[in-house]
Amino acid sequence: MKRIVYSLLAIFGVLISLALILPLFIDVNQYKSEINAKAKEAIGRDLVIEGPIQLSLFPSPALTLHQVKLTNHPQAHTPHLITFEKASVKAALLPLLQKRIHITKINLKDARIELEKLPDGTMNWDLTPQKASSTEKATPSPLAPQDRTPPPSFDLGVDKVSIEDTYITYRNGQQKTTIKDLSLEARLQSLTGPYTAEGQLKFQQQTLKFDIKAGKLADSQPIEAEFRLADSRMKVIGVYMSSSQSFKGSIESQFDVKALQAMTGKTDLPKFTRKEIYLKARLMVTPSRVAVENMNFKLDETIVDGTITATLGNILQIDGKLKNLPGQGNIDFTVIQKTNDTQGQLKANIQRLHDLLSWLEIDAKNLPPHLLGKCLISTRYALINETLHLRDLLLGLQDAQLQGEIAYKLNQKTPLVRVDLKTPKVENFMPRAGTKTQKPLGAGQLRGSLQGDAQNLVFDVQTNLGTLMLAMKGQAQNLDKKPTLTVDINSQTTNLGALLVDLGFVSKSTYRNASLKGQIAGDLENLRLNTQTTLDGLSLGTSGTVKNLMTLPVFNLKLNATHPNIRTFLKLPTTATPQGAVSITAHLAGDAAQFMVDDFKAVIGQGINLTGKLDINRKNEKTKLVGALTATSLNLDLLMAMSESRQSTLSEPQFMLVALKAPPAHYTWSKEPVSFAFLKDLEADVQVIIHKLKRKDITVTNLKVSSKVQNGILEAPLSGSIYGGKLQGNFRMTADNTLALGIDLKEADLANLTAHYSGQIKLVGGKFSLHSTLSTRGKSMYELVANLTGPIKLNARDGIINGFDLQAISQRLKQVNNIQGLLGLLTNFMAKGQTTFQRFDGDILFKNGMGTIQTMQLIANGGNGQATGTINLPGYLLNIATEFRLTDHPQLPPFKMYLTGPLDDPRRNLETQALQNYLIQNVFKGVMDQLSKGKGKIGDVLGSILGQDQGTQPPQPDQEKAPQKPEKVVKDLLKNLF
């Protein structure tokens, strides 16, 4: 027994010795060339083993290869498909004696695998062996006995397959995807399974862990796989059917917000991704088809259903359908992948676009509400030569439609986008004001190109919106650092008013022709402007710079505005008298908080010539104005025409100068709100000098106004001259709508004044003085007039009054010898002519808009007069009674004249009743005296008394009424007498 044991030990010793010594005598490296030849015959590639091959038989067979490289396809980017530093295989010895191969460990370390899609569409890992010889059958019959693979006479088991630090790269054109640090451990009990594998890899800086299990090979082989990314997971469970080569199962996944943030690199994700996302679906896979059916997405509180099907083969086609999106949205899409291009279709139908945008957290408040209802998007797309084409693009938003095509060139240093989009009705995209039907604006179009990247962009686009054309051409550079812009702008329209109305900017406008041309260049720190704008004859030029555009803009601009016709420019009625052109120039420098307006010059027609400088400071709560304005001439008639041509307060936003209805023919004070509350937010110290100020027939020269605003109160003391007279005054305005005006005018020469209205009674000569202190309060012009209170004192001497001629009446009266002539004399000379006076005094007291004449007296050549009555400012009416006495005819009673009606054109009526009674009494006394003395007949005597005095007739018969017949005069006199 001992001998047997010793013999066995000796045999084992010999075997161990052989296992240790034999590899020393066998040089396996001499088979490298043969290994390479067999590999190339099998896979068509060179397998190069640059390092040594190590073989050992004890304690178990082991083979180790160093520095191995497998060559790549000739069209690939890299020379090698696979490279690795070390690969080792260890096997158990005893199973080999039983015709079983049991691998205890396979280890692959530091492998580099370069996968790539080649230009011809094939994959570089497609390892095709050498072609069979002509003597061999090309395609043996699948039923031929020789084609049957005999079952293996051995079994294979692998305890552990270990892959460490493997690096995998996949290229598709310019796109590159990398998988780093792939580590894998797998186990194979036998060739028929079961199989397990688990490991991890890094993809886009994220670690993906996986665990795969497969049962034993059979017609129904269960498979289970689980993938984990941070706290997110996806699990696939199903059965592989070997008879049909198909897999049926389910897929279930759960993603959390951290995983999505890590994958996308964004921390601010849409609302619907801020909670866990669940996906559950049925999965079916065959060699020709992959179908994901009964998909159920749960995104926050939203559940989306759908299916995705992929048809495999030389042409890959993917069809998908998503339903129940927010807003009752459905999406259908098709993707067809060919060798050299990808194409397909997309169609989205959404019933409530507003709900979908809200779900996606897209702010739609600036979009017209009528565009946020039903939405339809459809297009045919194609990816050809790295250019994405969207053809037959249709975007429908309710009644608004946009159609055309878009081309986007991908995968190049300067991507290019070309657009050509049209809409049949521009107005359907415009905001809708009320229920009024919008006027047609015509078709619209957007076309052009944008080319560039995140650094530089070149653009050339043109937009047509009805009658509006806008073209922009230029480039933007250094977008990722310090952006600079150079753009040429060309815009014009022939119906600006209609476009502004439809856009909702104005309610009414008559503007038509407008244009904008020029260039904008520079960066956000220093932007240069040079533009020219025209608007119905108005030309506005702007040149200069704007700095610090993104922080606190600082501007330095020169403005120049001209217009050939002041009446057209101000939209004045055709009855307005101003003439001439308009020219305005100014220099603006500063920022929004503090800026200066200097070199200001405005020439508006023949009535306004203004220059000056202003400093505006808005840094504090109150705006502060400091400056000086000088006017060579200022015509208030022009300013009044401007104010009367438009409403005092507009209920809607207006654009520049808006043409409105002309004021009514009769004069009424406006009841539109007037507020001086802006004085609370204002401080000012502005000096105003006006060399010549004109209002109708009054001219003020060398007017100086020192206006100051503080604590909501405007104080404006003033001084000047009116035709040689010295003017002093003060104007006061408060934020609570209180006004006060004090005026003291002394010794003004009124000889140069002319009547503004024909026939108006007015002082036109002599020395004139006026003193007044008026105050009022109100929230409209009507209230300000209705609350006017204070005295007005008038004094004139050695002057002339237009409208009647007392001296002519007194002189002619000496030549009158009959009744008819006397009455004609009064009618004629109390309607025209001039009266020289020595003194005129008046004292009027206003209270609540009603002026009462306290005293008013005239001392003139040929007679004296006095007046009483009222001036109704709110009603714009006069009611004045005047009484005149002829100083050269003291025996005659006074006669009266009444002024009633509008302030600017009152009616005049003469009252001569007392004078008529006096004449009748004296006429009949003379008749009786002549008859009693027997001088003539009664008819001859009356005829001479009632006859017409030719000397008293008006020189122009067409200007007065025809003389009455003597019989009519006598009849009227007798009627009044008895």
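**Charged and aromatic contacts**

Author: In this predicted model, the count of salt bridges comes to 13.

Reader: Is Lys235 buried, partly exposed or exposed?

Author: The relative accessibility of Lys235 is 26%, and the partly exposed class lies between under 20% for buried and over 50% for exposed.

Reader: For the salt bridge between Arg380 and Asp392, which strands hold the two residues?

Author: The closest N and O atoms of Arg380 and Asp392 are 2.8 Å apart. The pair ties together parts that are 12 residues apart in sequence, because Arg380 lies in strand S19 (residues 375–384) and Asp392 in strand S20 (residues 387–397).

Reader: In which accessibility class does Asp392 fall?

Author: Arg380, with a relative accessible area of 40%, is partly exposed. For Asp392 the relative accessibility is 52%, and the cut-off for the exposed class is over 50%, so Asp392 counts as exposed.

Reader: How many residues apart are Lys793 and Asp843, whose side chains meet in a salt bridge?

Author: The N to O distance between the side chains of Lys793 and Asp843 is 3.0 Å. This pair links distant parts of the chain, with Lys793 in strand S41 (residues 790–802) and Asp843 in strand S42 (residues 834–847), and the two are 50 residues apart.

Reader: Which residues are linked with Arg289 in a network of salt bridges?

Author: Side chains of opposite charge can pair when their charged atoms come close. Here the network of salt bridges links Arg289 with Arg282 and Glu293.

Reader: Which strands each supply at least two residues of the positive surface patch?

Author: The positive surface patch is formed by Lys86, Lys90, Lys105 and Lys109. One of these, Lys109, lies in strand S5 and is partly exposed, with a relative accessible area of 34%. The strands that each supply at least two residues of the patch are S4 (80–91) and S5 (100–117).

Reader: How many aromatic pairs are there, and is the pair of Phe555 and Phe595 stacked, tilted or edge-to-face?

Author: The count comes to two aromatic pairs. In the pair of Phe555 and Phe595, the distance is 5.9 Å centre to centre and the angle between the planes is 55°. Phe555 lies in strand S30 (residues 554–563) and Phe595 in strand S32 (residues 594–604), so the pair ties together parts that are 40 residues apart in sequence. Both Phe555 and Phe595 are buried, and their pair is tilted.

Reader: What is the arrangement of the aromatic pair formed by Trp669 and Tyr876?

Author: Both Trp669 and Tyr876 are buried. Their ring planes make an angle of 75°, with 6.0 Å centre to centre, and since the cut-off is over 60 degrees, the pair is edge-to-face.

Notes: Residues numbered from 1 in each chain as written. Predicted model: local features only at pLDDT ≥ 70, side-chain atom pairs only at ≥ 80, totals over all residues. Heavy atoms only, no water. Patch = residues over 30% accessible without salt bridge, like charges linked within 9 Å, V, L, I, M, F, W, Y side chains within 5 Å. Areas by Shrake-Rupley, 256 points an atom, 1.4 Å probe, with all protein chains shown as cover. Salt bridge = Lys/Arg side-chain N within 4 Å of Asp/Glu carboxyl O. Lys, Arg positive; Asp, Glu negative; His and termini not counted. Charge placed at Lys NZ, Arg CZ, Asp CG, Glu CD. Helix = DSSP H or I, 4+ residues; strand = E, 2+ residues; numbered from the N terminus. Buried < 20%, exposed > 50% of the residue type's maximum accessible area, 1.4 Å probe, protein only. Phe/Tyr/Trp six-rings, centres within 6.5 Å; stacked < 30°, edge-to-face > 60°.
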